[in-house]
Amino acid sequence: MSIGEKWQKKWKESKIFEANVDSREKFYTTVAFPYPNSPFHLGHGRTYVTADIYARYMRMKGYNVLFPMGFHYTGTPIITMADDVAKGEKEVIDIFKNIYEIPDQVIPKLSDPLFMANYFKDDIKKAMDEMGLSIDWRREFTTIDPEFSSFIVWQFNTLQKRGFVVKDTHPVGWCPVHHLPVGMHDTKGDMEPDIGEYTLIFFESKSGYLPAATLRPETIFGVVAIWVNPKEKYVIAEVKGRKVILSERSAFKLTFQIDNIKVLEKISGSELTKITAINPVTGDTIPILGADFVDVNTATGIVMSVPAHAPFDYFYLKKVSSSIRPIAVVQVDGYNEFPAVELVEKSNPKNDTDLKKLTEQLYRIEYNKGRMRKDAIERSKEEFRSELGSVIGISVPEARKSITDFLISHGLGDKIYEIMNKPVYCRCGNEVVVKILKDQWFLDYGNPEWKALVRKLVSKMRLVPDEVRKDFEYSIEWLQKRACARTRGLGTPLPWDKKWIIESLSDSTIYMAYYTIAHKIKAYKLRASQMTFDFWDYVLLGKGDINDISKLTGISIDVLQQLRSEFMYWYPLDMRHSGSDLIPNHLSFFIFNHAAIFPEDLWPRGIAVNGLVLYEGKKMSKSLRNIIPLRKTIRIYGPDVIRITLSSLSDMGSEANFTDAAAKSVMDSLKRFYEIASSISSFNGNELGFAEKWLMSRLNSSIKQSISLMDNMRFRDANNLILFGLLSDVNEYMEMVKAEGRDPNGSILRDFVIAWTRLLAPFAPHIAEEVWNALGNSGFVSVSRWPNYDESNIDLKLELEHEYHKEIIDDIRSILNVYKGNPKIATIYVANTSEHTLLMDALKTTAGGGTLKTFMSSHRPKNKEEAKELQDIFEYATEMSDSKKKLLLLGVDEEVLLKEGLPLIKYKTGLDIEVQKYSDEIMRKYKKESFPLRPSIVLS
RNA sequence: GCGGGGAUGCCCGAGCUAGGUCAAAGGGGGCGGACUGAGGCUCCGCUGGUGUAGACCUGCGUGGGUUCAAGUCCCACUCCCCGCACCA
């Protein structure tokens with residue numbers, strides 16, 4: 001059995017992570033629960049480990065820590081994926097089989113969604129245990145447990161009562177064949193259908209209205225023709241009581257958006273080109289022209305031609321007719337009155353791809369810099385002129401909005417939805433269309449009262465790292481109505497309209513409250529039917545009369561009280577951990593729903609967000625086939641290595657790059673820690689010299705620093721300090737002792753290792769327990785206290801002195817570097833008191849904002865040499881490091897200091913060292929100056 | 001387009017919210033050495049260029065600017081990554 005398994009088992013047996021209400025201060029933390037549609041990969045581990053490190057740290061700080069876990073079954077991906085398995089979809093099966101190494105006999109069973117969810121839940125749970133997460137598993141649940149459903153029903157009833165649920169229509173991507181909404185998971189190539197709006201403008205003709213579809217309705221004044229595709233089929237249909245002409249395909253697609261479309265007759269595109277149309281805004285009569293580039297599958301298949309501002313239009317119009325003149329609508333600085341003409345003539349596009357690029361370019365320029373021309377607006381019909389006058393001179397985006405409103409309000413236009421990134425195909429092979437869902441239920445995140453509460457909540461919240469605050473503020477302002485129910489998937493039916501299932505991002509917003517009593521619900525075997533609206537109102541909001549509720553539900557008063565006090569002990573949630581990708585949705589919804597349901601004193605206090613995980617510098621993806629199962633890496637490296645590599649090698653807010661090299665180096669460091677810990681009994685020294693004092697100082701100052709780093713979740717810095725930093729300190733200590741030719745001090749090292757083990761425990765709990773136990777400590781390091789530091793052991797001066805010694809060594813080495821020959825002795829000339837006085841004076845001058853001039857004038861050099869010396873010392877003073885200044889201010893006898901470091905300097909340089917006082921003679925002989933803490937060194 | 005975040009030495013990556021201690025932390029890789037039966041363990045040294053003395057030169061996306069002094073501040077530009085809704 002590995003060290004990992006050994007301690008995981010012991011933790012479980014001793015129940016140390018099962019948190020119960022007691023008199024201690026509590027700390028309640030959660031992580032977004034997993035969605036079990038596949039096993040965990042490396043990327044999943046990061047958030048959980050990060051939360052666990054903090055949970056373990058807080059536990060060691062003496063808090064009563066609750067870290068529960070549940071599983072999210074709600075939604076469609078599990079169903080879709082099970083379907084894929086059932087259909088024998090190659091890619092999915094290949095991933096399960098070859099990446100996650102799921103046994104052959106299991107794979108067919110995964111075609112049952114519930115089997116899949118349970119199977120992966122178990123696998124994920126194992127992964128969590130194998131990572132050493134300090135979870136209280138008694139509170140585990142899934143979101144389709146009837147007990148949990150009763151909680152969600154209560155949540156939605158409450159939201160409904162408070163007026164935060166509204167009914168509205170909503171466009172979705174839709175498969176016209178199996179009549180279901182399609183999201184990213186349901187499309188070929190996982191394409192998210194991007195739904196956009198086209199404006200329709202009704203041009204009159206003798207055969208009916210031509211609804212030209214455009215993204216730029218403001219260019220209506222510059223329309224010189226209508227394009228249709230002469231090779232395609234069109235129909236005349238009755239739409240909203242109006243006779244319109246549109247492509248056959250369009251008529252079909254629009255049935256999903258508009259009721260009662262009646263196709264009256266068919267007409268070919270070429271036939272259409274024989275008639276003319278009338279611009280409803282200007283009254284101009286314009287030709288209908290044929291063009292192959294018109295795609296009848298996009299919008300209505302009727303396109304208006306604006307050659308002044310659309311490169312396509314100008315390019316093709318030029319080919320068909322030379323008599324039509326462009327009409328300018330938008331003025332842009334740096335272009336002539338017909339920007340599209342100018343662009344096409346200048347860059348001479350060869351094909352549609354070139355034209356597309358020009359279109360995008362012009363579109364952007366006009367959108368950002370364009371202004372509406374007066375002459376264009378004045379082309380409108382007399383009756384509209386005064387109303388449209390307001391758009392003269394305004395920007396394109398503004399004009400677009402008001403002209404669209406104008407068109408619709410005058411019955412001259414309409415809006416339709418279209419898939420903008422078309423074609424998008426459903427997995428069944430049919431092209432996705434836009435469907436308007438009627439009677440859809442929404443959570444009204446746009447509600448101003450609600451938003452105001454949320455703003456308040458966020459402003460009081462602790463966010464780690466704080467940079468994500470902007471993201472939250474942005475996303476909260478941006479959120480509007482959000483559909484909260486779906487037609488299919490696992491989950492809880494909407495209580496007042498049971499054909500809808502509450503969708504997954506809506507039933508996962510306040511479930512942290514459920515954990516606080518989940519174990520009691522199980523222990524008392526409460527049934528969902530007992531957990532009524534009144535029950536939840538009492539337990540979570542303290543509403544209602546406990547006697548009545550007890551009678552109504554058949555739950556004893558004692559149990560009800562217990563549940564209420566459990567909840568009130570743990571709530572509010574202190575910290576929520578999640579990936580940064582969930583900021584605009586889940587985490588924001590979490591905030592919104594808490595604000596809506598709970599009183600202010602129960603609002604969550606903090607969110608910690610981490611970036612994603614890369615593997616060897618690349619994003620993990622199916623297509624790259626570089627998905628690394630988490631459990632596999634734990635088998636290879638052990639849990640402690642994985643924990644540190646995922647969570648503590650990069651800053652929390654930035655992405656973490658998992659590389660095998662990094663994991664290996666963490667593994668080596670942990671091994672080294674273990675070796676040192678196991679060998680301390682063999683060290684027999686007992687001297688308490690400079691080296692020991694230095695080591696103790698390093699330890700104590702590291703402990704001191706660790707506290708603020710851990711408090712702020714700066715795990716990268718903390719780990720650098722604790723794992724890598726203390727390791728190199730021990731090495732340094734060993735060298736120092738070796739230089740003095742003596743044995744390391746065993747008892748000092750023992751104290752050091754004991755503290756070190758505690759510091760390491762949140763990061764590498766398994767190896768920490770092992771060492772803790774081997775050193776003869778009772779109990780678990782996991783529930784021991786974070787080490788205290790003794791301020792009196794922190795000797796800044798001593799540490800600075802050691803720095804000084806190392807600098808002397810570096811200096812000698814850099815001279816050796818360029819020295820030709822074999823020197824035996826380094827003579828170090830230490831500055832004398834007069835230089836010391838001068839330097840102090842120079843420092844005083846610079847500190848007071850004085851310059852070289854001030855300094856000179858107060859010293860009045862007698863000759864050139866003296867002036868040079870003064871100047872040098874002043875320059876030295878200005879560029880002196882802070883640590884040297886400190887050392888100088890602490891007051892040192894440099895000669896004594898040097899002698900203290902002699903063994904180390906000799907050992908490291910391999911030279912004999914002589915220390916002498918500096919004199920002018922040295923200056924004459926070697927042309928070298930000595931400054932305090934910067935002695936001159938002469939090799940010979 | 002909107003919003004957020006980046007661009008640092010062979011590679012990865014700190015530092016840039018308080019400008020000087022920055023040729024620039026820490027890794028990795030490479031080179032050399034110690035230990036060893038051996039080492040893929042560990043430890044030590046070197047790893048921009050030049051240099052017979054701890055120095056100098058070049059340098060932190062590009063171009064300007066502020067300053068005695070800029071990787072760090074200001075302006076402009078180029079490029080890259082992430083999110084943008086009913087999907088967990």
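# A guided tour of a predicted model

Let's start inside the protein, with the largest cavity: its lining has six nonpolar, two polar and two charged residues. Here Ala, Val, Leu, Ile, Met, Phe, Trp, Tyr, Cys and Pro count as nonpolar, Asp, Glu, Lys and Arg as charged, and the others, Gly among them, as polar.

Before you click further, note that this is a predicted model, where local features need pLDDT of at least 70, side-chain atom pairs count only at pLDDT 80 or more, and totals for chains, interfaces and linings use all residues. Residues are numbered from 1 along each chain as its sequence is written, chains are lettered from A and ligands numbered from 1 in the order in which they are written, and side-chain values use heavy atoms, leaving out hydrogens and water.

## Stop 1: the cavity

Select Ser250, Lys253, Leu254, Gln257, Ala299, Ile416, Tyr417, Glu418, Val433 and Val434, and you have the lining of the largest cavity. Helix 7 (248–254), strand 16 (413–419) and strand 17 (433–444) are the elements that each give two or more residues to this lining. Helices (H or I, at least four residues) and strands (E, at least two) are DSSP runs, numbered from the N terminus.

How is empty space found? Rolling a probe the size of a water molecule over the atoms shows where it is left. On a 1 Å grid over the protein atoms alone, a cavity is a set of points where a 1.4 Å probe fits but cannot get out; a pocket is an open set with protein on both sides within 12 Å along at least five of seven lines; lining residues have an atom within 4 Å of a point. Grid points are joined across faces, edges and corners, and a volume is the space filled by probe spheres set on the points. The largest cavity has a volume of about 60 Å³, and the count comes to one cavity of 30 Å³ or more.

## Stop 2

Now move to the second largest pocket, which holds about 1,200 Å³ of space. Select Tyr198, Leu215, Thr298, Phe312 and Thr359: of the 32 lining residues, these are the closest to the pocket's centre. Which helix gives the most to the lining of this second largest pocket? Colour helix 11 to see: it contributes seven residues. By class, the lining of the second largest pocket has 17 nonpolar, eight polar and seven charged residues.

## Stop 3: salt bridges

Side chains of opposite charge can pair when their charged atoms come close. In a salt bridge, a side-chain nitrogen of Lys or Arg is within 4 Å of a carboxyl oxygen of Asp or Glu, and the structure holds 58 of them.

Select Glu692 and Arg742, whose closest N and O atoms are 2.8 Å apart in a salt bridge. Glu692 lies in helix 25 (residues 690–711) and Arg742 in the loop between helix 26 (715–739) and helix 27 (746–760), so the pair ties together parts that are 50 residues apart in sequence. Are these two buried (under 20% relative accessible area) or exposed (over 50%), with partly exposed in between (1.4 Å probe, protein chains only)? Glu692 is buried at 1% relative accessibility, and Arg742 is buried at 15%.

Next, select Lys374 and Glu378, whose side chains meet in a salt bridge (3.2 Å, N to O). Glu378 is partly exposed, at 37% relative accessibility.

## Stop 4: helix 21

Finish with residues 583–597, which form helix 21: at 1.5 Å a residue, its 15 residues should span 21 Å, and its end C-alpha atoms are 20 Å apart, which agrees. The expected span is 1.5 Å times one less than the number of residues. Helix 21 is mostly covered, with 13 of its 15 residues buried.
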